[in-house]
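Subject: Structure and notes

Dear colleague,

Here is the structure for your files. My notes on what was found follow below.

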Amino acid sequence: MSAADELTGELAPPMANGEVLFEAPWQGRVFGMARALAEAGVYDWDEFRAHLIDEIAAWDRDPAGEYRYYDHFLRALERLLLAKGLIGADGLGERVSAFAARPHGHDH
Amino acid sequence: MSEQDWRAIRAEAIESLLVERGLLDPADVDRVIETYNDRVGPMNGARMVARAWCDPDFKARLLADGTAAMAEFDFGGAQTEKLVVVENTPDTHNVVVCTLCSCYPWAVLGLPPRWYKDPAYRSRIVREPRRVLAEFGLVLDDDVRVRVWDSSAEVRYLVLPRRPADADGLDEAALAQRVTRDAMIGVAQP
């Protein structure tokens, strides 16, 4: 699916003031997960924020490619969950491989 | 497989593991997205601004303690951070940024626009605010002081814009329609 299809098709991301906030559904899921886990007390929002600041600061120091905010957001969440032992690196790798191996059409 | 798909898969894998471990309810994720994106939006902030324009007592309360003044509305959603409202005047213009990441008054403005999170805005609005504001189409007179407020984990800022000169006779609800998200960040005037 192209980016244009995502903007106009059934997966159209939420809009506010006519502006796209999430460019792809996964960005909304990542944002929603990070907040929901903090609200449930799994971690303090400040812990997540510290990881996000680290991720963004690393890019600021050495910009590589286009700045993609939700890439940093995703990595910050992943690193925090791994650091707290809430998910395991091996388990995550296996799950990613399993999902990636699904037939095309189930990969969004 | 595109890079975009790869990130979507990673996000989905994380979510599925968290759900399996009983740490996360997917419905909560839906609720967060809906809360911050669809339901909250910038309209909550606009209602507060419009009331401040109409009600001097409320305006005084809003500027004295934004968090407490916000509680006078039934916005729902959690605002755990302190909300500080800064007022634009004929000689001072306020603009908000988060230089470190993306801190933003979600409870009253919804989710931040893309440019708010970009490195260019985060660094340049501090260094050369007048020039950045001009790029947004907001040209300030030389004698207007610009104050840049850096949001943090503890404090979120909201700009109280100046009431439009041509808004006489409008009621509070109509005024709220005039208040834009960008005006409450401080990069526009209503």
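Is Glu78(A) buried or exposed? Glu78(A) is buried, at a relative accessible area of 11%; buried means under 20% relative accessible area, exposed over 50%, and partly exposed in between (1.4 Å probe, protein chains only).

Before the rest, the conventions. This is a predicted model, in which local features need pLDDT of at least 70 and side-chain atom pairs count only at pLDDT 80 or more, while totals for chains, interfaces and linings use all residues. Residues are numbered from 1 along each chain as its sequence is written, chains are lettered from A and ligands numbered from 1 in the order in which they are written, and side-chain values use heavy atoms, with hydrogens and water left out.

The interface

Chain A contributes 48 residues to the contact and chain B 51 residues, contact meaning heavy atoms within 4.5 Å. About 4,800 Å² is buried between chain A and chain B, and carbon and sulfur atoms give 59% of that area. Buried area here is the accessible area (1.4 Å probe) that two parts lose on being put together, summed over both.

There are eleven residue pairs in polar contact between chain A and chain B, both residues being at pLDDT 80 or more. A polar contact is a pair of N or O atoms within 3.5 Å; within protein, one must be able to donate a hydrogen and the other to accept it, and residues adjacent in sequence count only if both atoms are side-chain atoms. On chain A, helices H2 (25-39), H3 (45-61), H4 (69-83) and H5 (89-100) each supply at least two residues of the side that touches chain B. Helices (H or I, at least four residues) and strands (E, at least two) are DSSP runs, numbered from the N terminus. H2(A) gives the largest share of that side, eleven residues.

Salt bridges

Over all chains, the whole structure holds 21 salt bridges, and seven are found across the interface of chain A and chain B. The rule asks for a side-chain nitrogen of Lys or Arg within 4 Å of a carboxyl oxygen of Asp or Glu.

- Arg29(A) and Asp30(B) form one, with the closest N and O atoms 2.5 Å apart.
- Arg10(B) pairs with Glu78(A), the closest N and O atoms being 2.8 Å apart. Arg10(B) is in helix H1 (residues 3-20) of chain B and Glu78(A) in helix H4 of chain A, so this pair joins two chains. Arg10(B) is buried too, at 17%.
- Glu55(A) and Arg79(A) form another, at 2.6 Å between the closest N and O atoms. Glu55(A) is in helix H3 and Arg79(A) in helix H4 of chain A, so the pair ties together parts 24 residues apart in sequence. Glu55(A) is buried at 10%, whereas Arg79(A) is partly exposed at 36%.
- Glu87(B) and Lys59(B) meet at 2.5 Å, N to O.
- Glu66(A), Arg68(A), Asp71(A) and Arg7(B) are linked in a network.

A loop residue in chain B

Thr99(B) sits in the loop between strand S2 (92-97) and helix H6 (106-109) of chain B and is partly exposed, at 24% relative accessibility. Leaving aside residues up to four places away in sequence, Thr99(B) touches Arg122(B), Val126(B) and Asp150(B). With Asp150(B), the side chain of Thr99(B) makes a polar contact of 2.5 Å. The C-alpha atoms of these two residues are separated by 6.3 Å, and the residues are 51 apart along the chain.

Regards
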